[in-house]
Amino acid sequence: MTGAPGARVLSLDSLVRVQRGRHTPAAPRRLPVPDGMTAPMGCDAVAVPARFGPLVLPRLPRVGCVYADGAHWWWLVPSDSDYALEWPAPAHYVTGAVLPCLSDAPGAPDLPGLIHRPDGTLPYTPPIPLYLALCRLTDTPPTWSRPVTA
């Protein structure tokens, strides 16, 4: 294979590798469990717009790890805390505490910063009080109090 002087020539194998690399998803970005803490029940997270964060905190009997960036506040909850619950909009439940919409591209936002760390070794905010606080703030009836339709 020859090309113009100074031009780089790519083989078919190189082009295939480049194409495959375009479809390889980036490693998921997860909210970390702080050093010295354990998550024996696994971790999921609940995100709410940042404007709700300061309104939710005083409504909770116990606050676990809370992370924040300019757009959202994120609470760590035990895995499967979405079981039989429809988290009220605009809350967003994320399995595995994996952050959506973050890219590894240069200039991509960093992970949200830890703004609250509880005493002890468990990072969790109890999900039911968090759910109820969000229902109240969003004027959404809890799942179990809604009328059943056939």
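What percentage of the 150 residues in the chain is buried? Buried residues make up 34% of them, where buried means under 20% relative accessible area, exposed over 50%, and partly exposed in between (1.4 Å probe, protein chains only).

Before you click on, note that this is a predicted model, where local features need pLDDT of at least 70, side-chain atom pairs count only at pLDDT 80 or more, and totals for chains, interfaces and linings use all residues. Residues are numbered from 1 along each chain as its sequence is written, and side-chain values use heavy atoms, with hydrogens and water left out.

Switch to cartoon view: you'll find three helices and five strands, following the pattern α-β-α-β-β-β-β-α along the sequence. Helices (H or I, at least four residues) and strands (E, at least two) are DSSP runs, numbered from the N terminus.

Next, select the strands. They make an open five-stranded sheet, ordered β4-β1-β3-β2-β5 with antiparallel pairing; strands pair if DSSP finds at least two bridges between them. At the edges sit β4 (92-94) and β5 (113-116), each pairing on one side only.

Now pick out β2 (residues 66-68) and β3 (residues 72-78), an antiparallel pair with three bridges. Click Y67, and you'll find its bridge partner, W74, in β3.

Last stop: I128, in helix α3 (residues 127-138). Is I128 buried or partly exposed? I128 counts as partly exposed because its relative accessibility is 40%.
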